[in-house]
Amino acid sequence: MDVAIVGGGIVGITTGLMLKKQGFKVGIIESKKIASDVTGSTTAKITISSNLVYDEILSDFGLETALKFRDANILAFDKISELINEYKIDCDYEKIPLYIYSTDKNNYKDIEKEYKALQKLDIDADLTDDFQMPFNEESFKENNTKNKDSANDIVINKAIRYNNQAIFHPKKYSNALVKLIPGEGSHVFENTKVIDIKEDEINRIITEKGDIFADSIIIATNSPIYDPDSSLSYMSPIKSYMLGVYVKEKIPDAMFVDINPFHTYRKTPTEKGDLLIIAGEHHHTGKSKNTSANFKKLIEYTKKKFNVNSIEYFWSNQDNKTIDMLPVIGETSQKGIYIATGFGSWGMVKATLAGMILRDLISNKKNIYTEAFSPKRFKKQQSIKKKMSK
């Protein structure tokens, strides 16, 4: 086998398909079902931003790296729609705006700083205080009469609006892509747990069902099960909680990120109507001992914001956030071993970017993003060392 990919989420599936299109024989090895873990639990926002990130990257790394970061996000964003159109994938893909906002005046300066960075980087976005909130403001004030200040502040808000962003159904998308991989020497192995990896001229993956040999190995698990450069020591695992609820309000055709306290909102179509997906109660993994309490807080928060008809689903998810806000994509110090991680809860675009970069690296094609996102970068960059020492 040319390339073995450990992990059957959107990174593994996207990379596997791109490599197969280049003529490689690939094998995806997944311990559970394809797209059943982090990818299956995502809120699936397809965006060129997920929070206030560009100002920080511009300040830490300068204009050149910030422009590469911008271009990489746009390139991957466009690639998703290209794949959907190329393979005629029915996955509820829809273009809608993204609002990153706050109702807290203390955050307005941060939003304005981010917008100035977007202007320097020539990113298509608007600064606005005129937009429809994801919840009914009058209902929110009625439900929060005990907190007069909160109720009064809610009519004052500031946001960055990114136009023409997108949402889709991640399982429908992933399932359609993975069907294109088997055949012509390529395989998908589900319910196959990887036990160990042995490096040699031909690398060996030891699984509970037998060994798989490959020239190259891609570690596409959310947290790398093989990490020769200790990239995980430069990351923080973040856990978040989600609810799927039906509400009386009509949810706007948009995605929303409230930066403080951090919550996200989007809707998805169902047979019973639009289902609101709300995420929040983020914390460092292992720092909360009571999962039920986190769900309870999110439910209470949701009921204060919306007129809830029913709570249909609840689940949690996890992702790694790097110290420098950039993803980790590329070849490790162990030749022929590649990893993709550190997406910072921004997995759809970053996973697609990983597929494009890894395809080029394994094909021995030049890729201008390789150095910026390399797993070997942490030991070289002074800005990261400064942050780690704080």
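**A pair of strands, then the rest**

Reply: Let's start with strand β11 (residues 216-219) and strand β18 (residues 337-341), which pair in the parallel sense over 3 bridges. Pairing needs at least two bridges found by DSSP, and strands are DSSP runs of E with at least two residues, numbered from the N terminus. This is a predicted model, where local features need pLDDT of at least 70, side-chain atom pairs count only at pLDDT 80 or more, and totals for chains, interfaces and linings use all residues. Residues are numbered from 1 along each chain as its sequence is written, and side-chain values use heavy atoms, with hydrogens and water left out.

Me: Which residue in β18 is the bridge partner of I218?
Reply: That's Y338.

Me: And what sheet order do they belong to?
Reply: The order is β7-β2-β1-β11-β18-β17, an open sheet of 6 strands with mixed pairing. Its edge strands, β7 (187-189) and β17 (328-331), each pair on one side only.

Me: Which helix lies across β11 and β18?
Reply: Helix α9 (residues 347-362) does, and α9 also lies across β1 (3-6) and β17, running at about 15 degrees to β17. Helices are runs of H or I with at least four residues; axes are lines fitted to C-alpha atoms, for helices over the stretch in contact (heavy atoms within 4.5 Å), and angles run from 0 to 180 degrees between N-to-C directions.

Me: New topic: how many helices and strands does the protein have?
Reply: There are 11 helices and 18 strands.

Me: How much of the protein is buried?
Reply: Of its 390 residues, 54% are buried, meaning under 20% relative accessible area with a 1.4 Å probe, protein chains only.

Terms used:
Buried < 20%, exposed > 50% of the residue type's maximum accessible area, 1.4 Å probe, protein only.
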